[in-house]
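Subject: Structure handover

Dear colleague,

I am passing on the structure that you will be working with, and below it you will find a careful account of what was found. Please keep the structure open beside this email as you read.

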Amino acid sequence: MNKNRLLYNSVAYIGQFVSLFPFAFMLETLGLETLTVWHFFAAYGVWVAFWAFGLLAGKISERVTNGRKFRQKYTPIVNLLSNIGFIVPSAILIAVGIALDLEFSIYVFIMAAGIIIYFGGCLTVGKKYGGIFPKTWFVLYFVSAVIATLILALSKKTEIASKVEFMLCVGFAVITLITVVLSNQLNIDKCTNQRDSGKAVLPDGLRRYNLLIVIGIFAITTGLFVFAKPLGNLFKTVIGAVVNAVLSVTQMLSKLFKSPEDTAQVDSDGEEPILSSNTNETSNFGDVYFVLIMAVLIILVIAFRKPIWNAIKNLFAPLFKNCKKAVDVPFYDEITESSAKTLTPKAQKRAERVLSKQYERENSPERKYRLGYALFLAKLRRTKCPPEPFDTTDIHREKGESAFNENLREFSETYNKVRYADIPPVAEQLAAESELLKKLK
């Protein structure tokens, strides 16, 4: 078993135990009516024992079924015994519970989840992570968590219910991450096995790249969920500050259009302000005048929105010039069906010359190496072994070695690291690529 399969199998088994998370909370809140940390460890300890019994029963059944020393007529009996083998750990749990005078709720929740995890160990012997953690475990968590939440909502334990609901949401995020990671890897294996009888090898770093993307998205969404309340308060504070600032500017502008006679006069005795006789008329005229000015400004902004926006972009363009250059990476090394079939031979030569000039002028090591690989593909397109849209880098290497009679192993491996693992090439690798491209005619 390789390291990748061992890793994903371990993640799949962890996912099985995460699926039992709601049962632990139902035991605590509905059965024991408390939240104690060591109760969780004790519950999971019992479930590990059930899982170990199931794993042992599954291995015995597999050995008997595939072994030559046993007759085939005994196979159904062995399979039946392995399917009802959960009786052994259940009997032990009941005996311990009677001896220690445990609560009846322990039998309900602990044994129910224990029987489930028993089959998680028994029926997954010899399977890959896709068979160890099918989506039924995700459904199990979702259904049990919804049932636990509804029961808690109907009860009067509001303080415990709020804590449990939050923890169940965090557990749901974890089980979602495990499901997405394993489904993603399973789809990669499925697509790989369907191509060239499984001989097409994935580029180095692709699994890691996909895994980092999934974990990154999960971390962002989980962070938004966990910090939703403080982020909401911060957003409300910022919006309030902006609104107050706009109101302050509006009041300041309105005062500019009012005459001095409109201002209130306060006498030395601190009495109420004495307004002149034409105060109301002037004040109304100033308000109307301000509204008209604001309406004209809004109309002008809407009418000339494009020139204003272009002026703003040109003003701040120097700040984002370098960032734009780094993000706008031309994917010349991606062969598309249209570029491979619609270009005439003359157009292909012209495109190759343009690509060669870009390769010579490029200063970024990563972009330069990728442009060199694109130039290699352009040269390969003129041979009897042109690249196809669905070819992998290994197929590119095989076609290149056949067409040019050159060893392209190091060139292909370096390109995989540059493109899929974000590892920049060193000076020696760039020099080797340049020498290789000069040989390819």
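The protein contains 19 helices and zero strands, where helices (H or I, at least four residues) and strands (E, at least two) are DSSP runs numbered from the N terminus. Please bear in mind that this is a predicted model, in which local features need pLDDT of at least 70 and side-chain atom pairs count only at pLDDT 80 or more, while totals for chains, interfaces and linings use all residues. Residues are numbered from 1 along each chain as its sequence is written, and side-chain values use heavy atoms, with hydrogens and water left out.

Of the 441 residues of the protein, 32% count as buried, a word that here means under 20% relative accessible area, with exposed meaning over 50% and partly exposed in between (1.4 Å probe, protein chains only). Among contacts (heavy atoms within 4.5 Å) with a separation of 6 or more, 71% are between residues 24 or more positions apart.

Apart from its neighbours within four places in sequence, Thr179 is in contact with Phe133 and Phe138.

Next comes a pair of helices. Two packed helices are described by the angle and the distance between their axes. The axes of helix α1 (residues 3-18) and helix α6 (residues 104-122) come within 10 Å and cross at roughly 165°; these axes are lines fitted to C-alpha atoms over the stretch in contact, and angles run from 0 to 180 degrees between N-to-C directions. That angle makes α1 roughly antiparallel to α6, since angles over 145 degrees count as roughly antiparallel. Tyr13, Gln16 and Phe17 of α1 meet Ile117, Gly120 and Gly121 of α6 in this contact, which by class has three nonpolar, three polar and no charged residues. Here Ala, Val, Leu, Ile, Met, Phe, Trp, Tyr, Cys and Pro count as nonpolar, Asp, Glu, Lys and Arg as charged, and the others, Gly among them, as polar.

Lastly, please look at two loops. Most residues other than glycine have a negative phi. Asn405, however, has a positive phi of about 60° although it is not a glycine, and this residue is found in the loop between α17 (393-404) and α18 (409-420), where its 68% relative accessibility makes it exposed. Asp422 has a positive phi of about 55°; Asp422 sits in the loop between α18 and α19 (427-439) and, at 57% relative accessibility, counts as exposed.

Definitions and conventions. Angles under 35 degrees count as roughly parallel, over 145 as roughly antiparallel, 65 to 115 as roughly perpendicular and the rest as oblique.
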